[in-house]
Amino acid sequence: MKISEVLEMEVRYRNSKFEIPVTYGETVASMMRKKDLTNKQILFCGNQRYYDLFAEKLRQFIPKTSDHEWYITPNNRYCNTMNNFQELTRFLERFRGSKQAIFFGIGNEGVMELVAFTQHVTPIKAELCLLPVSLRSFAQSLSFVDQIVSDKTMMTVMEITEAPQSILFDHTLADQQTIGKMVDLLTLIRCGIVCDYSFLQSLYLNFPTREELLQQSFAAFSETLLNYYGTHSEQLRHFGKTFERAFFQTENGSLLSNSMKTMFGLLFELSWNVVAGNVHFNFKNFMIWLVRLGFPIIVPAGISLADYGQQIIVLAEEQPLLGLNQIGEVGAEKIPTQRELLQTFEVYQKIVTEIRGE
């Protein structure tokens with residue numbers, strides 16, 4: 001696949017349950033100018049960093065006949081906690097009035113889930129418009145599944161399935177990130193693992209080094225995500241998630257940032273499929289590529305992989321994993337065994353040692 005800029009485009013995105021308009025290839029400012037915000041009560045729900053970046057810029061698009069408020073969340077991935085949900089619900093009490101309401105979610109995945117869940121359950125009739133700022137939050141907005149999680153364990157407390165009225169994606173915001181862009185690449189890698197091996201190979205060819213990853217635009221992948229999430233959103237949403245969330249249940253799991261939990265969750269579920277499921281894949285070359293891109297592959301010594309494995313099994317017994325028949329093809333549900341996970345971790349550690357010695 002040749003990476004190039006995309007034209008301004010509005011498409012009808014559909015999955016198995018919903019169909020909505022998605023606009024991409026434009027800036028936030030350009031898309032906001034097209035929204036009818038006359039005589040509205042407007043809620044902007046966003047992470048602190050996006051409030052700092054956009055509050056003044058967005059203010060210029062608010063007509064004098066409209067009112068607007070900001071609800072600001074922490075910057076971390078799981079800002080869709082029960083505490084934030086309760087606070088946002090109380091915050092919305094000021095929204096009862098005669099004007100039509102419109103909710104804008106602008107930020108990371110947690111914001112997409114928090115504002116969508118709240119809009120679904122609030123008695124206020126409001127239009128919901130999502131403005132994801134990264135490929136991973138764009139992917140979340142396309143899943144149409146939104147959760148509220150516990151404040152400590154990040155386990156799901158409540159979940160709904162609902163679609164926003166529209167999604168506006170400004171890819172230039174994703175291109176401006178550094179660490180964030182690396183985490184976005186994991187979203188694309190997940191698409192290759194679950195949906196299309198040839199796409200995974202194209203990522204390897206297009207981003208051979210960290211420099212090229214950071215320099216190249218992700219613009220061309222907007223349509224890619226629309227296609228893959230339109231047909232495989234459930235499988236994509238789940239792959240790596242159990243292995244990620246097990247770190248929250250593991251002693252010293254806090255040694256890993258949320259982004260690193262996401263990365264290791266993806267790596268270990270892929271490794272488990274390769275080792276225990278005999279999936280044909282050169283996992284060592286894949287790891288060497290990640291190292292070249294700047295990803296950390298060493299699990300902190302303070303985290304017990306034996307304990308981590310136990311937590312994976314507990315979570316998988318509640319919701320079995322979708323094993324891979326091969327890279328790019330999901331198979332039957334499976335629950336990892338302790339023996340499989342120990343073997344997976346041994347193989348993983350052996351590969352890490354070999355890479356460090358080369």
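**Cavity and pockets in the predicted model**

The largest cavity is lined by Met 112, Ala 116, Leu 130, Gln 140, Ser 141, Ser 143, Phe 144, Val 145, Asp 146, Glu 162 and Pro 164. Two or more of the lining residues come from each of α4 (109-121), α5 (135-143) and β7 (145-149), with α5 giving the largest share, 3 residues. (Helices, H or I of at least four residues, and strands, E of at least two, are DSSP runs numbered from the N terminus.) This cavity holds about 40 Å³ of space, and the structure has 1 cavity of 30 Å³ or more. On a 1 Å grid over the protein atoms alone, a cavity is a set of points where a 1.4 Å probe fits but cannot get out, while a pocket is an open set with protein on both sides within 12 Å along at least five of seven lines; lining residues have an atom within 4 Å of a point.

This is a predicted model, where local features need pLDDT of at least 70, side-chain atom pairs count only at pLDDT 80 or more, and totals for chains, interfaces and linings use all residues. Residues are numbered from 1 along each chain as its sequence is written, and side-chain values use heavy atoms, with hydrogens and water left out.

Of its 16 lining residues, Leu 53, Phe 54, Lys 57, Leu 173 and Gln 176 lie nearest the centre. Here α2 gives the most, 5 residues.

Definitions and conventions: Grid points are joined across faces, edges and corners, and a volume is the space filled by probe spheres set on the points.
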